[in-house]
Amino acid sequence: MKQSNISRNILSGIENLMLHKLRSFLTMLGLVFGVGSVIAMLSVGEGASKEALTQIRKLGSTNIIISSIKSAEQESSSTSRSFLSIFGLTYEDHARITESFRNVRQTAPVKIMRKDARLREREMELRVVGTTPEWFDLVQREVIAGRILGWVDQQRQTPVVVLTEFGTRKLLATESTIGQTVLISGNQFEVIGIVKSESGAAGNIQVPDQEVDAYISIEVAKGYFGDIFAKATDGAWIREKVELHQIIVQADKTENVESIANAIEEMLQKFHNKKDYSVSVPLALLKQAEATKRTFNIVLGSIACISLLVGGIGIMNIMLASVTERTREIGIRRAIGAKRKQIIIQFIIETVVLSTVGGFIGIGIGVLIPVLITYFAGMPTVITFQSIVLPLLISAGIGIAFGLYPAIRAAQVDPIVALRHE
Amino acid sequence: MSRQELTQSQTEIIVKLDNGRKVYQMGTQQVAALGGINISFKKGSFWAIMGPSGSGKSTMMNILGCLDRFTTGHYILEGQDVSTLDDDSLSELRLRHLGFIFQSFNLIPQLTVQRNIELPLYYLGWDSAQSANRAKELAKKVKLEGRLDHHPMELSGGEMQRVAIARALANDPQILLADEPTGNLDTATGNQIMDLLVDLNNQGKTIIMVTHELDIAAYAKNRLHMKDGKIDKIDGDTHEAI
Ligand SMILES: Nc1ncnc2c1ncn2[C@@H]1O[C@H](COP(=O)(O)OP(=O)(O)O)[C@@H](O)[C@H]1O
Ligand SMILES: [Mg+2]
């Protein structure tokens with residue numbers, strides 16, 4: 001009996017909405033846009049932060065990444081044609097970092113170059129990474145075929161190369177992969193393994209293997225290609241001497257990441273007379289990204305609350321008008337035997353129907369917007385279960401909260417007065 | 001009167017007003033809308049309450065209809081003293097024991113005829129199939145079976161009042177309270193409505209009706225004349241005034 005009363009109340013609530021279609025629609029509009037924008041904003045925020053977080057996680061939460069950078073003064077002086085700018089991390093830096101810190105588990109030096117590679121008629125530019133076997137442990141790369149660089153390759157300086165999946169497909173085409181010989185800048189390298197490709201960037205942090213195609217032993221890289229790189233900038237050739245482009249350091253546990261990073265920074269300061277390196281800690285970035293996300297959510301949440309509040313007030317306003325308009329109806333219902341409680345329930349359910357229908361329309365809009373954003377702007381968006389259910393619950397809650405006062409007003413109508421009411 | 005006869009006649013009393021007073025506080029002044037009403041209505045009687053404007057008819061009807069309470073005194077409805085009941089209990093009494101017929105019909109405009117008739121059943125918790133059957137049955141009784149899906153606005157005054165009567169009968173009440181039921185109708189239609197009420201009275205319903213028209217009051221078996229909040233005189237076939 002109770003059950004059927006509620007469903008009949010819902011039905012009559014819907015009927016009352018249909019009775020004043022335009023008015024109901026306009027009343028709902030505030031909530032529709034409130035709910036819609038909440039979902040849209042949450043999904044855009046969620047999409048952005050999720051992408052940032054996965055990128056940062058990829059860098060490893062115990063890792064510290066030290067990169068070579070060109071200091072500002074060099075940047076301006078290096079425009080001269082013959083100038084050779086020397087900067088960045090050195091082999092010595094790598095050795096010192098590896099030896100000096102007890103809490104460092106392992107390190108990997110990284111040398112990054114762009115070289116032409118060739119297999120028969122197929123030719124392409126590769127990003128060649130000279131590194132040590134530790135690299136593969138640090139970046140947790142999945143091996144698809146063959147093997148990764150080993151200590152023997154390192155010691156014997158054998159010209160072997162590990163390719164990423166992407167590069168492999170392009171260069172080797174359909175030929176069997178392992179054991180093939182490719183020419184990199186005219187030097188023969190034997191392909192010994194294939195690892196999975198990964199790409200992407202997190203904010204200003206480039207993932208080292210973002211577009212990497214070939215890994216070779218660092219000793220081989222040094223021997224074959226040297227430390228001097230020429231690159232074209234603004235039509236002029238600039239020659240740079242960089243020993244190591246990056247050093248990746250892995251701490252033994254996350255608690256030590258911060259202190260190791262500081263110690264490395266201090267040490268580098270001692271040996272470099274200019275700031276031609278930067279130390280970044282993915283863990284700190286992760287924490288920062290999470291804090292940013294929290295702030296973002298709080299701000300969005302507040303905006304959402306305001307828009308939902310405005311929607312709720314609109315609904316309350318119309319319900320108060322409805323109570324006044326229907327005073328006589330309330331009087332009739334009371335005279336027939338409706339209790340105050342039943343009048344309250346009737347009006348609250350009508351308000352909840354109004355707000356929930358608004359909520360559903362809002363969800364429709366809120367789900368559509370992120371899809372359009374992703375489609376047209378290419379921005380990642382994530383619609384989570386909570387981002388839909390939460391606004392729906394909130395809009396139902398608004399129906400109850402903002403419907404309560406009009407409903408109580410309705411229940412307080414004196415049937416004797418109401419029946420006289422014209 | 002023997003003791004047995006007394007008991008017999010008492011069981012037949014459906015409404016008893018015992019020294020009922022209604023006082024309105026107007027600022028510092030007290031207005032006695034009803035001053036010491038003593039009367040009993042028998043089950044199955046048909047009363048017309050008459051009197052000049054301001055004599056207390058509406059106040060009396062409100063109290064009889066459990067919409068209002070005496071300031072002092074007692075109202076015994078079907079043997080139960082209802083004079084001090086709370087709002088919920090009075091609602092319950094209206095729902096189960098009373099049927100209202102108003103001068104201005106008081107149908108709910110957005111509901112169809114059927115839904116208007118079903119309204120008391122809805123509050124009684126009937127399921128929709130049962131309610132629909134009962135509504136059809138009642139519509140037939142007031143000769144409106146073809147109008148169930150219409151809205152009140154589409155009906156004539158007489159038809160609206162018949163819908164109101166059907167609604168008042170839905171909960172099968174012992175007592176029908178009619179406040180100037182023909183006041184908004186032309187004479188011919190008014191007479192049809194009165195015939196319907198007489199029919200219902202013949203079927204056993206107790207009817208209490210307010211009217212100021214003598215020819216309408218003539219349909220009732222008893223007439224109660226009010227003056228200045230008091231019972232002025234009573235006439236008719238049978239009555240039980242104390
Ligand atoms: N709500 C009220 N507040 C104050 N006085 C009232 C109220 N209702 C009725 N009265 C007074 O009580 C008296 C009886 O009124 P009423 O019962 O409406 O008479 P009738 O219906 O016979 O015209 C009148 O003097 C009227 O002014
Ligand atoms: Mg009156």
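Student: What should I know about the numbering and the model before I start?

Tutor: Residues are numbered from 1 along each chain as its sequence is written, with chains lettered from A and ligands numbered from 1 in the order in which they are written. The model is predicted, so to speak of local features needs pLDDT of at least 70, side-chain atom pairs count only at pLDDT 80 or more, totals for chains, interfaces and linings use all residues, and side-chain values use heavy atoms, with hydrogens and water left out.

Student: Let's begin with strands. How do strands pair in general, and which strands pair with strand 3 of chain B?

Tutor: Strands of a sheet pair through backbone hydrogen bonds, either parallel or antiparallel. Helices (H or I, at least four residues) and strands (E, at least two) are DSSP runs, numbered from the N terminus, and two strands pair if DSSP finds at least two bridges between them. In chain B, strand 3 (residues 46-50) runs parallel to strand 8 of chain B, joined by 4 bridges. Strand 3 of chain B also pairs in the parallel sense with strand 9 (residues 222-227) of chain B over 4 bridges. B:A48 stands opposite B:M209 in strand 8 of chain B and opposite B:R223 in strand 9 of chain B.

Student: Which way do the residues of strand 3 of chain B point?

Tutor: In a regular strand the side chains alternate between the two faces of the sheet. Here B:F46, B:A48 and B:M50 point one way, while B:W47 and B:I49 point the other way. All of them are buried, where buried means under 20% relative accessible area, exposed over 50%, and partly exposed in between (1.4 Å probe, protein chains only).

Student: What are the partners of strand 7 of chain B?

Tutor: Strand 6 (residues 98-101) of chain B pairs with strand 7 of chain B in the parallel sense over 4 bridges, and B:F100 stands opposite B:L177 there. Strand 8 (residues 206-210) of chain B is also a parallel partner of strand 7 of chain B, over 5 bridges. B:D179 has B:V210 in strand 8 of chain B as its bridge partner. To get from strand 7 to strand 8 of chain B, the chain crosses through helix 7 (residues 187-202) of chain B in a right-handed β-α-β crossover. Right-handed means that, with the strands pointing away from the viewer, the path from the first strand over the helix to the second runs clockwise.

Student: Why is strand 7 of chain B called largely enclosed?

Tutor: 4 of the 5 residues of this strand (residues 175-179) are buried, so strand 7 of chain B is largely enclosed by the rest of the structure.

Student: What is the strand order in the open sheet of chain B?

Tutor: The order is 2-1-4-5, with 4 strands and antiparallel pairing. Strand 2 (29-42) and strand 5 (80-81) of chain B stand at the edges, each with a single partner strand, so one side of each is left without a neighbour in the sheet. Strands 1 and 2 of chain B pair over 10 bridges, and B:V15 has B:F41 as its bridge partner in strand 2.

Student: Now helices. How buried is helix 4 of chain B?

Tutor: 11 of the 12 residues of helix 4 (residues 113-124) of chain B are buried, so the helix is largely enclosed by the rest of the structure. Among them are B:V113, B:I117 and B:L121. Just after helix 4 of chain B, B:G125 takes a positive phi of about 85°.

Student: And how many residues of helix 11 of chain A are buried?

Tutor: In helix 11 (residues 327-336) of chain A, 10 of its 10 residues are buried. A:G337, just after this helix, takes a positive phi of about 130°.

Student: Which residues surround ligand 1?

Tutor: Including B:Y24, B:M26, B:P52 and B:K57, the surrounding residues belong to chain B; a residue is near a molecule if one of its heavy atoms lies within 4 Å of it. Helix 2 of chain B gives the largest share of the shell, 3 residues.
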